[in-house]
Amino acid sequence: LVLADLPGDGLERLRQRCEVTLRSAGVASEAELSALVAGYHGLLSLLTQRVGERVFAAAEDLEIVANCAVGVDNIDLGAAERRGVVVTHTPDVLTDDTADLAWALILAVSRGVVSGDAIMRRQEYDGWQPRFIVGRSLTGSRLGVIGAGRIGRAVLARAPAFGVETRYYQRHRLPIDTEGELGTEWCPLDELLATADIVSLHASLNDENRYLLNAETMAAMKPGSLVINTARGPLIDEAALAEALRSGHLGGAGLDVYENEPRVHPRLVGLENVVLLPHIGSATWETRVRMADCCFADLITMLADGRVPARALVGTVG
Ligand code: GLV
């Protein structure tokens, strides 16, 4: 059961090996998916599709869920594990494009790229002025990356090109050699928040880091600093972010993901110093084709070749 019409020719390859139902419009809800999924051995899901306990309960024959995303917070991995269902995702192929988009937001927020564009379109530009859309110098500033997985590391790796010094935080420190290659250093979260000019989030969402940035942690951030989020919306309390920006404590935000996606907190929409994108971190043709290819290849490996794919997150044993 394939829940989206994905780019590339992977669907044709899958059709040569398996019987396929394509629901190109997706399904409206978890309840609808539960009602539909019985009898299928494989499911290709999008990150917008919740695949929870009730779906697994309804899908007795299910062997694999191939999620067309690197993040798998839409899937109840515990339920998958208990029922012996393999879950795969799409790491690596989207790392560079997502890191690029994080930098696009850093640049856009620092330099008024979007507000400047809006002024030109409204034909309100009436000549060069010394105090007009005056941004902030990236060179010499400090970037704090939270979550140094593949994407976080790719964001760190791009920093020297902009003359930006970096620190990162995650629970486990990277090997010293990796830190050396990236020109970065681990530091405790409170120190990172207090000293970074830009904080960029690259952690996968779990029960422990929901609202990692809340009223209290944002109050501990350096005054005037920027928040960038290309990871998952619920890492930030959006109402608290809107308040920290309105009060002037934070200097700006660049967001690609939202707490209640696809909705964005109405108070963020009214703020000048915010750049809002519609979850397009992996959105290049090259990457979207590669993501689709990963999913179709994993479905074929599992269902036609009878092997557990290397990208399996759970269900790799037993
Ligand atoms: C996108 O957000 C992804 O997880 O791939």
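Ile133 sits in the loop that runs between helix 6 (113-121) and strand 4 (142-146); helices (H or I, at least four residues) and strands (E, at least two) are DSSP runs, numbered from the N terminus. This is a predicted model, in which local features need pLDDT of at least 70, side-chain atom pairs count only at pLDDT 80 or more, and totals for chains, interfaces and linings use all residues. Residues are numbered from 1 along each chain as its sequence is written, and side-chain values use heavy atoms, with hydrogens and water left out.

How exposed is Ile133? Its relative accessibility is 33%, so Ile133 counts as partly exposed; buried means under 20% relative accessible area, exposed over 50%, and partly exposed in between (1.4 Å probe, protein chains only). Together with Met120, Tyr125, Trp128 and Phe132, Ile133 forms a nonpolar surface patch with about 560 Å² of accessible area. Such patches are made of residues with over 30% relative accessible area and no salt bridge, nonpolar side chains (Val, Leu, Ile, Met, Phe, Trp, Tyr) being joined within 5 Å and like charges within 9 Å. A salt bridge is a side-chain nitrogen of Lys or Arg within 4 Å of a carboxyl oxygen of Asp or Glu. The areas come from the Shrake-Rupley method with a 1.4 Å probe; for residues, only the protein chains shown count as cover.

The loop between helix 6 and strand 4 also holds Gln123. Gln123 is not a glycine, yet its phi is positive, about 55 degrees; this residue is exposed, at 71% relative accessible area. Tyr211, in the loop between strand 6 (198-201) and helix 10 (215-219), likewise has a positive phi, near 60 degrees. Most residues other than glycine have a negative phi, and most peptide bonds are trans. A cis bond joins Glu261 and Pro262, with omega of about 5 degrees.

I turn now to the helices. In helix 1, the buried residues are Gly10, Leu11 and Leu14. Seen down the helix axis, they fall within an arc of 100 degrees, so they line one face; the arc is that of the directions from the axis to the C-beta atoms. What do they pack against? Their partner is helix 13, where contact means heavy atoms within 4.5 Å.

The buried residues of helix 13 include Met291, Phe296 and Leu299. Besides helix 1 (10-17), the buried residues of helix 13 pack against strand 1 (42-45), strand 2 (64-67), strand 3 (86-88) and helix 5 (95-111).
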